[in-house]
Structure formats: C-alpha cells, structure tokens
Amino acid sequence: MRRQPFRAAEGGHLIDRSEPLRFDFDGHRHEGYRGDSLASSLLAAGVRIVARSFKYHRPRGVWGFGPEEPNAMVTTGVREEARPNLKATEVPLSEGLEAFGQNAWPSVSWDLGGAVGLAGGLMPAGFYYKTFMAPARWWYSLYEPLIRRMAGFGPAPRTPDDAFYAKRRIHADVLVAGGGPAGVAAALAAARAGARVVLADENTRFGGDLLRAPGEVGDSDGLAWIDTATAELEAMSHVHLLNRATVAGYYDHNLLTVAERAGEEEGAPGAPAMRLWFVRAREVVIAAGAHERPLLFDGNDRPGVMSASAAGGYAHAYGVLAGRQAVVAGNNDSIYRVARLLRSVGVSIAAVADTRSGGDVRDLPCRAGEAVERVLGSRRVRGVLLRRADGRAGDKGERITCDLVAVSGGWSPAVHLHAQARGSLRYDEERGLILPDRAGGANRSAGAGAGRFDLDGCLEEGWAAGIAAAASSGHERAAGEPPRSPDRNAGEAPVFWQTGGGKRFVDLQYDVTAADVDLAAREGYRSVEHVKRYTALGMGTDQGKTSGMAGLVLLSEALGRPVAQTGTTTFRPPYTPVPMAAMASGLLGEGRDALRRTAADDWHEARGAPFTAAGLWRRPRYYPREGMDEAETIDAEVRETRAGAGIVDVGTLGKVDIQGRDAAAFLDLVYANRMSSLKTGRGRYGLMLREDGRVFDDGVVMRLGENHFYLTTTTAHQHEAMQHIELLLQTVWPELEVYATDVTEHWFAAALAGPGSRALLERAAPELDLSDDAFPMMAVRAATVAGLSALVFRMSFSGELSYEVAVPADHGLALWTRLLTEGREDGLTPYGTEAMGTMRIEKGHVTHAEADGRTTPDDLGLGRMASAGGPAIGKRSLELPALRRNGRQQLVGLSVIDPEARIPPGCQVVESDDMRPAPPLGHVTSFCYSPTLGRALALALVENGRARTGQTVYIASPVIDLSMAAEIVSPVFYDPEGTRLNG
Amino acid sequence: MLLIPCPFCGARDETEFAYGGEAGIERPADPEAATDEAWTDYLCFHDNPKGPHRELWFHRDGCRRWLEVERDTYTHELGAVRLSRP
Ligand SMILES: [Zn+2]
C-alpha cells in the first residue's frame, strides 16, 4: 500500500515533496511532507479518527483547517516533552513527531469510554449540575475525580517544561492582526506611508484564505501578490513580519499580546519554543478573517464531515484528498469553488447540495434546494441522506454514498479582538452576521473579519484601514495604488440553517447538541452567558469559534426572540490558548528580579554562605564551618558574639538622607515619636505609623546637623518607606522645605557587636574616643575607621555593646575585610541573618513578623513611644475605640518548658492541650533555639497577652498534631536591664 | 495595561507606577480636633465610582513624582494627568 494513499500525485503549495517526514500517531508509523500540518498528514495517511469527544467519547476526525478546530485534539511528545490539548491543524509536522489522539484509552479507534455514547441520552445539558449535586462530601471522593477522568482533556505533564520561552516588548505605530489579503494590504499601505508596522499571522505563510483557495489579485495569482507584497515589507527596516504568531489578547490602551511559535520555524536553532510579544500599538488593524459555520444535521460530528473550506484547503494547500467521494453541502456560493478544488485533486463529487433554490452549475452534480438530513455510518461517514431543504411532506429523500461531507453554513467574522477591546457588536439580521460596530480603542476592522467576504472588498478595506491607521499615527506619505481583484462575489449566505432531528451537534468539542440548547431554554435559562455555562457550549479550547453562532441562533429560536436581543457571550483573551510556560517566562527562578548585593557580597559568597532573600537583596544566613551542621554553626556565631565580638553586614538597611529648613518639623510628622528634640550628633529609635495607626516601619534617626538627618528603614520596607515619605512631601505638606534622598545604594554598613567590640574599634579608629562619656549610647560621630572615612553610630540590635560603621559603598568591602583582619586575634566572628535573628528574639525586638500591618505600637509594647498626641501620621487613629479596646493581641514571649523542644513554623497559641477545635488566643510570630538560654523561645501575639504573664498556654499545630506547653513571659528574654549595652 | 502619560517622562507603562488610591482627600489640618467619625471618614470612606475617578499614581521607576490621574474605572480611559498638589 502507498504510504500516503490520500495524497494527490501533485499539487500543494505548502508542502515540499522532496522532504518526506516520518511520524507516529497513536503508535503507528506514518509519513508526510515538510510543510504539512499534523492534520493534513493524518488525512493523507488515511487516518480518519483522530480523537474522541469530550462527553460521549464519539469518534471524531479533522473538522477545520486552523485554530477553529474543535475536534482533532492531540498530545505531542511524551513525558516532560508532552504538550497536551493541541489542535492537529496547528501542529506542524516534523521528523519523528510523536502524537496521540485525546480522550481515549487505549486508542482513539478502540475506545472503552465510547460505550457511553450508546447511552447518549444519559448526559443532557446541565448533566454535571443535576447529577453531582448532593451530598457535598461526595464531591471530593467521587464526583470530582470522575468528572476529571471523563472530562479528560490531555493529561497535564508531571514534570517541569524545560523548553525555553521568551518575552519581547515592542512599540509600533500600527499592528496588523492577520496576514490574509486584507491584513497584507493594510500592512503594505501603512508601511509605505511611513508607519512602524508589525504584521502578525498565525500560519506558516501569509495569505489567509488564499492559502486554502486560489484567487486573483491584479492580473496574477493571489498568493504571488502576497509574496511580492511581503517581500517588499520584509525589506523595510521599520516593519516586523511575524509568522506562526497569533494575536492572542487585546488589552487596555492598545497593548496586545502576540504568541509566536518561534521554535517551529525551520533553521532557527536556539529559538524559544514560544516568544510572547507585548506590542504597544498606536493603532491596530484587525484583519482576523472569518470562521466557517457548520450545518446542523443528524450525525454532523462523524469523521468525514468537514468544513468545506478546510476540505478545499487540504486539496489546494497540501494536495490531500479528505475523501474519495464527496458530498458538498451548504447555503452559499463557496461550495462550488470547494467542489471544483476537490475535483482538481481527484475527489469524485457525488453531489453538491445547495439549500437555496438557485445556484445550479452545469459542470457539477448539483442538487438545488436540497440539504443533508442525516449521515449514514457509525464510525465514519459511509453516505448521507439528502432531502428537500424546504421539508416538503412525503419526501423520503435519497441516499448518496460518500466518505466525505464538506459543509458550509456561511461565515462568522472573527470579531474576538474587536470585542476584547470592548468594541460593541451589531447583528446584521439580513446577512445573519455579528459584525464589529463601534471600536473600543484605536483600532479598525477590515476584510472578512468586518463582513467583507469578496477578495476585492478585502483588499480595498485592508488598504483603506492601513492608510487610515498610519495617518492616525502621524504617517501620511503617499502609498501608491491599492491592489484590486476581479473577485467581487461576496458569496452571501442566508442565516444559519439546520435540518431534521437526531444528534445534531452544535459544539463538537464539548458535545453540546441542539437538543441541549433547547432543553436549557425549556428549563428557564434566558441569558446566553448562563446557557453557555449550563451546557458548556463554547467553553472548549476552541472557545466556540465554530459553535457560537449556531448556539446563539438556536437559543433565540427556542426563546422566540430576535438574535440581536439574545446577544453574545463575552469575548475574553486569549483568542487561542497560550501555554502557561510562555506567560510565566521571566517570572520564575533566577533572573526574575534584579539582584541587589551589598559591597561585601563577594566575601560572603567566597565563604560559602547560603543566602536568603530580603526584598531584592540577598543576605548571608550563616558562614558554614568544617564539621558543624547549620544549627551548630548558628549557635556558635551567637555564642561567640555574645562572649567576644561579632560582625554583621547591615548594608541592606534602607538609608534616607533628609535635609532642608523644615527637616526636623517634617520628621516629627513622619515618626510617632518626636525627632526635633534630638541634639546634633545624637540618634533615636523611631516608629513610623500608617495613617490608620498600625506600625509601618522602624529604624534609627540620626541628626547630623541642624537641618540634616540620616535615617534607616528596615530592609523589607525600604521602598515603601521612601514612597511614603515622598507622598507626604509631595501631596500632604508640599509647603515644607525638605529634600529626601534615598542613599541606600551609597552607603555600606557593618555592625560590630559584643563586649569585645569597643577594644577592636579603638584599634581600628585610634583617634575616636569610645568612652561612655565621649560616645554614649545613640551617639553618632564622623571618624576614620580602618583608614576609611566613616560614620560611626553606637546602637544595638543584638543587645550587646555595639557600633555600626557606615562608609561609602565603594569602600564597603575594604571596611569589611580590614575590620575582620583587625579583629582576627580577638576572634571576631562574622555572623549572618540567622544569628542576628536569634539575638533579636532573645532581646524581644520586633520585625515585620510582629509589626505585620495589624499591630499598633501598644500591641507591640511600644505604646510609650507614641503616647503623646500630635499631628504625626497615624497618631490620631490610636485614639479610635477599635485600637484601644480590651482584648487586642499583644506581644509576649513564650518560654517553652521542655528544654529539648523545638518550635515548628506556623503554630497557634491555644488555651488547652486537648487539640479540640477552638479559636486560638494568638499565634507564634518568631521562634528560635536560644543557645544563650539553652531552650526554645518564641515571640507571639496573644489576646490580652501582657495580662496573662505567668500563665501556661499551648503552642499548637493541628496540622502536625503538635501541642507543647509554654509559659507567657516578657518578650525580653535576655538581659532585660540592658546592662550588656555598656559592654 | 495602562499607558500613563507622565508630564515629566512621557507615556510609560503601568508597571512603572504604584497606585495611591483616590486623589484630593484633604487631611484634617488638626487631627486631634477631628471627631472619630470625621477621622474614620477621612481614613476609610473613599469613593469607588464606576466611571471617572481622580486618583494618585506614583511614578516609582521614573521621576518619583506623585501624579494625579483622571481615569474612568470602567473604560480605563485617561483624562488629565498632572502633578499632585493639594
Ligand atoms: Zn515620570
């Protein structure tokens, strides 16, 4: 047997017969040609059953030619390469391609689930809602898995997709969506006028409908004109031509996404599997074409029933016979063109049935006024029953043998992009078309997508749209003469048409029949949106491109109201499915965000420190040591710092320089506590509130001069804090003369902590007097440290005697390494964020785990700092009853009674240990093992916590069945008197 | 995605901006003198219209200016954009 029994001896402008390709479908080896789609090569190989349907598991074949395909759903590749839910019409053939039909086991031609089809009446519209209603607890155990299996689109791959996806952003004057005659004419006109043009088309080749059927432009072949025009465009540096690129979404302010299947292009090694373009276009020309409508008759889903234009397209573009003997049926003139195309590749035409009375053409076996009543054959088409279309009584009809039924119910303009842009639609009753009306945004529709179906009209409209779009974006150079075509036959079709009863499918992908739509109407559904969800009509991956109009007309008929009153469902992006991987590109893993490193980062990395993310910064968690595990290392860093001296990189803290005549007054408004009373050379811990009274950020404010302050913010909130300061300065108190500058990047800082820090700093900064009198707590001095000019602050986060040394960032690494060299003999220990966190919990200092956006200063035990009223941001809110009421959660310490216990993340604080569901008293916010105290500690927010001091509560995690007793204590576990601050 | 015409930087993508809520809300000059009702009104009860809305946008990745933007919350059409000053 020939390997491609349904391939004509010649013809097919998309294929290259010199390059045969082998592929497997459901485990069987077949052959096609370079340029084939999987659908065309399956048809050439004689494979008629390509998938099974969603609900009834009925055998299904190829219906369409492109993205409108509702039936031929396949998975390509296996394991991590598996790509489910692809349309065979959109998969390009490649050497060694492995593909599988969907919804069937073990294969599409021998499907066990198909038995359901025999009992088809069991699954009417709303089946899921009616059958799976109650009881609710059955949902998870029974219904949901059952529906999943039955619903079975292709299985999601279980391993990560390691293909490369990319994104690109581009600005354009004119984006043209669709590269058929109208789109190419628009692009050519706009580009000649001088506009920067992006022309995107979903096919491998420009041409649109000219790919499926020949046409004439000027006095030459239409495709030849397309090639000449696109070659001219290609040569222009201000034009981007994108093939295999679907304009998928139309968003606000003319931002459109274009999904380019770049990896499918031959000779493009290293190209991403998909490149998702974000095009910001001044003007958009929507030349999206139209989708052929089906006809409704009994068995219209059988393999062998196909869109007429698709059947013609397989003949013309691929030299493929979609069958040996065809009945072509429809309600418009395009069926004659299709019949001749089919005949040209060797398909014998059994009948051309035209529902209209006229239209008889001598060279074809025409059946004027006749329509398909029913398809004969169960697994595939074996013939049809033709009857008078006007349903005259007593007409028994005539059986005609065939294996292909090519049907055309007219055309539905692809108004998706127009509608996504919130353009309005209108229903042209006479022509039975939903058409773009008022545009939403800077766009215009042209060609078949706007209801012009003749080639000359498409060229004319496209050209005019291109000229107008270019002019609107400021480009008006002369573009020359528009192309014309002798083809001016619009091929108008009467409004949608149906025959008889039986299983007449409206939505092939979701198995929705005419009876289902009727039933939904009888059950009281009126809104087209409700019917869509009730019946699932139009909810498949084809998004109802072929079914939408039929469903709409059926519903309107059932409700006895005009189509215009029923309206359409909402068109939402994307137009065709876009892989999640393409959308996620650049948003996952390394490279997602800019990485901020402090000046000492290289040193941390060289020491092998594991890093933790802190905003965009990365910070060293600890410095690994030979023969010690993580916990032991962190404990050692804490112990050595508390006993001797440690150094930690605090370069990530936000730093803001505040200057100006009103700087002090402004800070009094920004912080809950007073800053204007600070003396030059002194600093103060400050609490920033949100206007609603919740703690927003904290840090230290240093007064460097009368009108000059330097303040720090937390690492986590540095951007928000700066934004907050700028909001207040620009919108609330613009009359204040204050200049706030983010100097986070300009300064590096390291904190020396521990009783040994003074001696060490004395050697590093010999001219600096570090005595308590000369350099008290919260003082700031300019000094030379380790040979570098620096600012030195005396303050402490660890609870030990501590100094923070800040130098210009360029000197940061030098400061860090020189201090470590200086401190080598003192045993100066570098410590990371883990030891820093442990020491701050031991001291009961809060971070954003405690100041979580819900807590007031008083909740955190800092009420005194914000006690005096005043106009500062957030202060007034503290007097609101809700923030003063009894029963608020307050910060407490939890001392775990069992010394061996460790606290896992995510624990609640409860009153009893019986593990019965009960509202918790609060939750653990921070926890650590304290090497200083030899037991586990936690900070927690607990209802009326301070009044419960001394009580035993339980740290509980029902998820892991944990309950441990703890005593409520002061959050300051270590050195509550603060004596260690003096060294 | 919005394209916001910043008076300083030109038309820029929405991703460069931070949203700041309704514009033109006057902060009581003397918070201490405000009643609880007046204060919570200022804090919480903001307009949320379907249609034209004056709102604050911060050009975070640009000039770092707080802008007052007129935006139709239904169509996303932008009107005047100016520097925010009370
Ligand atoms: Zn700006």
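Reply: Two strands are taken as paired if DSSP finds at least two bridges between them. Note also that this is a predicted model.

Me: In what order do the six strands of the open sheet in chain A lie?

Reply: The sheet is open and its pairing is mixed. Read across, the order of the strands in chain A is E42-E43-E44-E41-E35-E45.

Me: Which strands stand at the edges of that sheet?

Reply: An edge strand here has a single partner strand, so one side of it is left without a neighbour in the sheet. The two in chain A are strand E42 (780-785) and strand E45 (829-830).

Me: Which helix packs on the sheet?

Reply: The helix touches strands E35, E41, E42, E43, E44 and E45 of chain A. Its direction makes about 20° with that of E41(A). It spans residues 812-822 of chain A and is helix H21.

Me: Which residue is the bridge partner of Phe793(A) in E44(A)?

Reply: Strand E43 (residues 788-794) and strand E44 (residues 802-808) of chain A run antiparallel and are joined by four bridges. For Phe793(A), the partner in E44(A) is Glu804(A).

Me: Is Ser957(A) buried, partly exposed or exposed?

Reply: Ser957(A) lies in strand E50 (residues 952-957) of chain A. Among the residues it touches beyond four places in sequence are Pro904(A), Cys907(A) and Leu962(A). A residue needs 20 or more C-beta neighbours within 10 Å to count as buried, and 12 or fewer to count as exposed. Ser957(A) has 17 inside 10 Å, so it counts as partly exposed.

Me: How many residues does chain B give to the contact with chain A?

Reply: On the side of chain B, the largest share, four residues, comes from H1(B). By class, that side has 11 nonpolar, five polar and seven charged residues. Chain A gives 21 residues to the contact, and chain B gives 23.

Me: Where in chain A does pLDDT stay under 50?

Reply: The mean pLDDT of chain A is 91, and 93% of its residues reach 70 or more. Where pLDDT is low, the predicted coordinates should not be read in detail. The stretch under 50, with seven contacts beyond four places in sequence, is residues 115-121 of chain A.

Key:
Residues numbered from 1 in each chain as written. Chains lettered and ligands numbered in written order. Predicted model: local features only at pLDDT ≥ 70, side-chain atom pairs only at ≥ 80, totals over all residues. Contact = placed C-beta atoms within 7 Å. Nonpolar A, V, L, I, M, F, W, Y, C, P; charged D, E, K, R; others polar. pLDDT = per-residue confidence, 0-100. Axes fitted to C-alpha atoms, helices over the stretch in contact; angles between N-to-C directions.
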